[in-house]
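Please open the model in your viewer and keep the selection panel at hand.

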Amino acid sequence: MTTRTDALPTQEMTINMGPQHPSTHGVLRVILTTDGEVVTRAVPDVGYLHRALEKIGERVTYAQYMPFTDRLDYLAAMNCNCAWAWTVEKLAKIEVPERAEYLRVIVCELNRISSHLIAFGSYTADMGAFTPFLYAIREREQVNDLFEMLCGNRLTYNYARVGGVSGDAPPGFLEKTREFLDYFEPKLDEYNNLISYNKIFVHRLANVAVIPAEEAVAYGLTGPNLRGSGVPFDLRKDEPYSVYPKFDFKVCVGTGERGTLGDCFDRYMVRINEMRESVKIVRQAVARIPDGPVRAKVPRLFKPPVGETYFRSECPRGETGIYLISDGSVNPFRLKIRTGSFVTMNIFEKVTRGLMIADVVAVIGSFDIILPEIDR
Amino acid sequence: MGLKAYLNDIVEAVVTTAKGMRITARYGVNPKEEVTLQYPEERWEIPQGYRGFLHNDIKTCTACNMCVKVCPVDCISLESVRGADKKMVLCSYDINIGRCMYCGLCVEVCPVNSLKHTSGYEMASADRGEMILHFIAEDAAEIKARVARQVAEAAAKAAEAAKAAEASKAAEVPKPADLSAEAAKAGGDDPKAAKAEAPKAAPEKKE
Amino acid sequence: MEALALSLVNAIPPLAGVPLWTVTLLLMVVVAAVILVFALTFEGVGSLVLRKVAGDIQARIGPNRVGPNGMLQFLADGVKLVLKEDIIPANADRLLFKLAPYFVFVGSFAAFVVVPFGVGLIAADLNIGIYYVMAVTSLVVVGVLLAGWASNNKWALLGGMRAASQIVSYEIPVGMALIPAVLIAGSLSLQDIVRSQGGLLGIFGWNLFHNPFTFFSFFLYFTAAQAETNQTPFDLPEAESELVSGYNVEYSGIRFGLFFLAEFGDMFIVAALATACFLGGWNVPFFNAGTLPWIWGNLLSLGVFLAKAFAMVLIMMWVRWTLPRLRVDQLMRMAWKFLVPLTFVNLLGVSLWLLVFRGKGIPGMIASLFG
């Protein structure tokens, strides 16, 4: 085929997608260079939600930092709360009562469900089907109700404490949790019938933005995005913390069932399946939760020993690692947080090359990024 | 693409669409599935430990300053002076509810349980100043002046008493209960003060 | 129209002195006004129903604050649209920007002229009815493209481009899917097509059940027409989550309202054409409405027609709240690789059928078997 050189000269168009755009999941700005509908380059521009959370950590005490972790990933505040608590406990070698650990696992997994629900719902809304979004929100409200019962807040929970949790589960909480699980589990099949295997939906996601396993590892992807590429890496299994080793659950990986391994559909399906696994974990935890105190004795003016530590936990959006240096005072000396979404953005430019504008939306949704986690 | 795959594509599209439409239709015809809460008319039940607006019971507050220290966003401000009985007397206790992030740390540390979360959550204001809850209506300077007066009086009394004691060896202790009760009463009785307290009182009424 | 005017002049003696053309003109204005009122009412009620259906499907209530059970919501919306500030972007092409909504609205509204509402209820029974509908609805492309271009907004431009390619592509399958009805009736006039589906076979007189090919034709038409009128799942030109709002992103106030009205107008046109060409139009099953007195016959047939058309509109809304959106290349593939070949095959099938069975449909043949 010969290329004509006398064709109508065309120019690439630069489009600003965001920071105000319905499907950039917050204030992400993507600078698109497009040739018609085809994206030749998509450069993410992050930082619109920077709140210096790491620097704030150097100003406040260890206990005071807990509410700030709520704002790290507000869709999975429990996970961030617990990650912080686990980090400080690891640094100060605090023994946590077992009941507290069970409660933490319950809330973490419930929060994983609610976070994945948002990922699922907003993704379908990005793809143009608005109805599943509202179904997802409906289910999430019930998780919020549970959390409200437990800690009094619906979004920013501040539930975990260094050395335990803020309060024991109120009477009826565990029963309500079980009721929710019974209600929720069949809904997943409904979602699959409604949208997951819908022909149009599959066509929109399958073979889009394929990330091979080696590449996913090389770019440091974690969480569902990594598992979507077929890498069975889950910190809950591979670097067990808390009481996770006591539970029986499966690590969900992408299978390439509707396209290539590591495409958007795989990442999407991993989340759907993970919700099922989380239900399993919560069921076991609720059944086996021991009695006892929920908070270890931690002095009010808590001063951890001098030293440094790195702790990572499996959050819904990948690995949340917290690097903490203590100089023995009441405030952390230095705090660095590694979040899944931020690292995921590295590969964004690479996978979006040559896709269509609509696919860029699909990629953002399939990464399930959240901006406060990216910008911190 | 072979003909079989081609027809398969069509059939699959029709079948999956029909599946999805069956689900939406089921929701569409079943009015019981509605989950909307008609907010101003209907409200959900507030659970026991709900973290609503903060409320400080001034009568029991000991002005220990713990809440101020623990607040990560510095939304509580407290002024106190040492009273005649060596106890702290609150001069002002303000909570900037617009800045508060309802983390509950202050409630947790309160040694006398005077600071509590109420179940109130409704506040809209066009003015940020209105979002600062004043728990002591009386002017801080007035309280300070009064306490200073009382301290001086007490000191004078103590000196007198000391003199008297020297004389009669009978000790007279100044009444501590009087002072704190008086300070608390000052807030409640003043009609103007009651009016100023109105925004604070509103969330309580909800209970 | 002129014949009607003539009969009116003959019927009402005081009109005898008035020139015929004046009466005709007045009549035309009246008819146009009636249709406009109908179209606007439908669009208003349609928007309300759309939201109510959305609410039902999405496990919520939908608008329920304005009027009893939210029935007057569309009036509030309309008033809001009219009263809102009409913003024209500073760098927009002002003339084209102002012109575009009218093209879109006229394109959708003009098609109402040939919609056969009842036995005698049709504004103009053109002998090229279907052709006319295809032609005037194509005017929408011009408007959408103008809107996209004149807004001087890249998202709007993309939306406009998408709309142009989409509407032009889907014209073909839409036309091809309608031709079987034309072949059976032997006329392009919508009134003739509707009449050809009458008779005493009841619903089996409909073109839908005429033969297997027409049955598929209906679904092909319905799919293609949804795409042609930018309904979900083919709403790429205004893809909310990709192009923010597509070609009308810079419009506000009544100009946006015109786009909005045109969208619902298109919805009705699609439903009306599907009804007229495949679902028997205003034919009352097992009954000839033409034998009734003029007024009752027309009212009955109007009711039947609207019921069918609204049912189609409801289905469109149902589809809208179920399916996700296609991607632009998939949309094109669907048109050229699926709908166009299938409609051609169908057309061939229908033609062969008509040739072999001398124009008789399956129900007709069965009926003749039993005498």
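Axes here are lines fitted to C-alpha atoms, for helices over the stretch in contact, and angles run from 0 to 180 degrees between N-to-C directions. Helices (H or I, at least four residues) and strands (E, at least two) are DSSP runs, numbered from the N terminus. The model is predicted, with local features needing pLDDT of at least 70 and side-chain atom pairs counting only at pLDDT 80 or more, while totals for chains, interfaces and linings use all residues. Residues are numbered from 1 along each chain as its sequence is written, and chains are lettered from A and ligands numbered from 1 in the order in which they are written.

Select helix α4 (residues 98-126) and helix α14 (residues 357-367) of chain A, whose axes come within 9 Å and cross at roughly 175°. This crossing makes α4(A) roughly antiparallel to α14(A) (angles over 145 degrees count as such). To see where they meet, show A:Ser122, A:Tyr123 and A:Asp126 from α4(A) with A:Val361, A:Ala362, A:Gly365 and A:Ser366 from α14(A); contact requires C-beta atoms, placed from the backbone, within 7 Å.

Next, display chain A as a whole, where there are 15 helices and eight strands. Its C-alpha trace spans about 80 × 45 × 35 Å along the principal axes.

Finally, bring in the other chains. The contact between chains A and C takes 28 residues from chain A and 23 residues from chain C, and β1 (13-17), α4, α5 (131-151), α7 (199-205) and α14 of chain A each supply at least two residues of chain A's side. Between chains B and C, the contact takes 12 residues from each.

Conventions:
Contact = placed C-beta atoms within 7 Å. Parallel < 35°, antiparallel > 145°, perpendicular 65-115°, else oblique.
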